[in-house]
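Please look over the sequence and the structure before reading on.

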Amino acid sequence: MELDDCPEIHTKISVFSSATATFFAPSDESGIRGMRRERIRSTHMWRNQGPRRDCALVVEDETKPGIKGLTPVRVMLFFSFTHRGCTYPCAFVEWFKKYGSHPDKDTGMWRVRPHMVGRRRLRTVVHLDSFLRGAHLLPAFDGAARLPVNFHFSYSLDSFEAFFINKYADNQMFEICS
């Protein structure tokens, strides 16, 4: 939706440092009847060590199975607002985009890179109902470069050109990404 088509909001906007994703994971025997809950965080200061901006999987196409209908995003801000009596929980996100039609042959993981529009990362606002669950992105190292000794983990998603969606994070991620 174009900005000019959006309604004007004249109410308070509430900002949050996290959101909880609750989802059905039938293969996970540790949950109650397959239900799982995980916290997705986005905060400017995490344990006095710098920002923490978690990644999540957003449902883009429910008709496609598994990871093919999902896209990873990095959450920059959680917020909500009320418009005409209805509260809208939202997130301001940076998008990643999958490349390749199959997982990487060496790792078995899908590769993604920041979704760019010109020279800028694609950033939009999405409703929290489109979130499926958290995601863990691993940097794809090219093998030639080395990280500086004082490299801080909070810069990882800004410092690499490509990432793997970590399907080995847990059972449900493995099922989604396989």
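## Charged pairs and their network

Asp158 is partly exposed, with a relative accessible area of 48%, where buried stands for under 20%, exposed for over 50% and partly exposed for the range in between, using a 1.4 Å probe and protein chains only. The model is a predicted one, in which local features need pLDDT of at least 70 and side-chain atom pairs count only at pLDDT 80 or more, while totals for chains, interfaces and linings use all residues. Residues are numbered from 1 along each chain as its sequence is written, and side-chain values use heavy atoms, with hydrogens and water left out.

The side chain of Asp158 meets that of Arg74 in a salt bridge, with N to O at 2.6 Å; the term covers a side-chain nitrogen of Lys or Arg within 4 Å of a carboxyl oxygen of Asp or Glu. Asp158 belongs to helix 1 (residues 156–159) and Arg74 to strand 6, so this pair ties together parts that lie 84 residues apart in sequence. Helices (H or I, at least four residues) and strands (E, at least two) are DSSP runs numbered from the N terminus. Side chains of opposite charge can pair when their charged atoms come close.

Which residues pair with Glu94 in salt bridges? One is Arg121, with the closest N and O atoms 2.9 Å apart, and another is Arg123, for which that distance is 2.5 Å. Arg121 sits in strand 10 (residues 120–121) and Glu94 in strand 7, so their pairing links parts 27 residues apart in sequence. Arg123 sits in strand 11 (residues 123–127), so its pairing with Glu94 in strand 7 links parts 29 residues apart. Glu94 is buried, with a relative accessible area of 2%, and Arg121 is buried as well, whereas Arg123 counts as partly exposed at 43%. Salt bridges with shared partners join Arg74, Glu94, Arg121, Arg123 and Asp158 into one network, and the structure holds eight salt bridges.

| Salt bridge | N to O distance |
|---|---|
| Asp158 and Arg74 | 2.6 Å |
| Arg121 and Glu94 | 2.9 Å |
| Arg123 and Glu94 | 2.5 Å |

## A buried aspartate in a loop

Asp54 lies in the loop between strand 4 (52–53) and strand 5, and at 15% relative accessibility it counts as buried. A polar atom of the Asp54 side chain lies 2.8 Å from the backbone nitrogen of Arg41. With neighbours within four places in sequence left aside, Asp54 is in contact (heavy atoms within 4.5 Å) with Arg39, Ile40, Arg41, Val73, Arg74 and Val75. Arg74 in this list is also the salt-bridge partner of Asp158.

## Nonpolar cores

A nonpolar core is here a set of buried Ala, Val, Leu, Ile, Met, Phe, Trp, Tyr and Cys residues joined through side-chain atoms within 4.5 Å. The largest has 16 residues, and those with the most contacts inside it are Leu57, Ile67, Leu137, Phe163, Ile165 and Cys177. Strand 5 (55–59), strand 14 (163–165) and helix 2 (171–177) are the elements that give two or more residues to this core, with helix 2 giving the most, three residues. Cys177 touches Ile67, Trp110, Ile165 and Lys167, not counting residues up to four places away in sequence. Apart from this core lies another, of 14 residues, among them Phe78, Ala91, Val93 and Trp95.

Most residues other than glycine have a negative phi, and most peptide bonds are trans. Arg84 has a positive phi of about 55° although it is not a glycine. Arg84 is placed in the loop between strand 6 (70–83) and strand 7 (86–99), and at 80% relative accessibility it counts as exposed.

Thr11 is found in the segment before strand 1 and is partly exposed, with a relative accessible area of 41%. Leaving aside neighbours within four places in sequence, Thr11 is in contact with Phe81 and Thr82, and its side chain reaches the backbone oxygen of Thr82 at 2.8 Å. The C-alpha atoms of Thr11 and Ala144, 133 residues apart along the chain, are separated by 51 Å. In strand 1 (residues 13–16) lies Val15, which counts as exposed at 54% relative accessibility.

Notes:
Polar contact = N/O pair within 3.5 Å; in protein donor to acceptor, adjacent residues only side chain to side chain.
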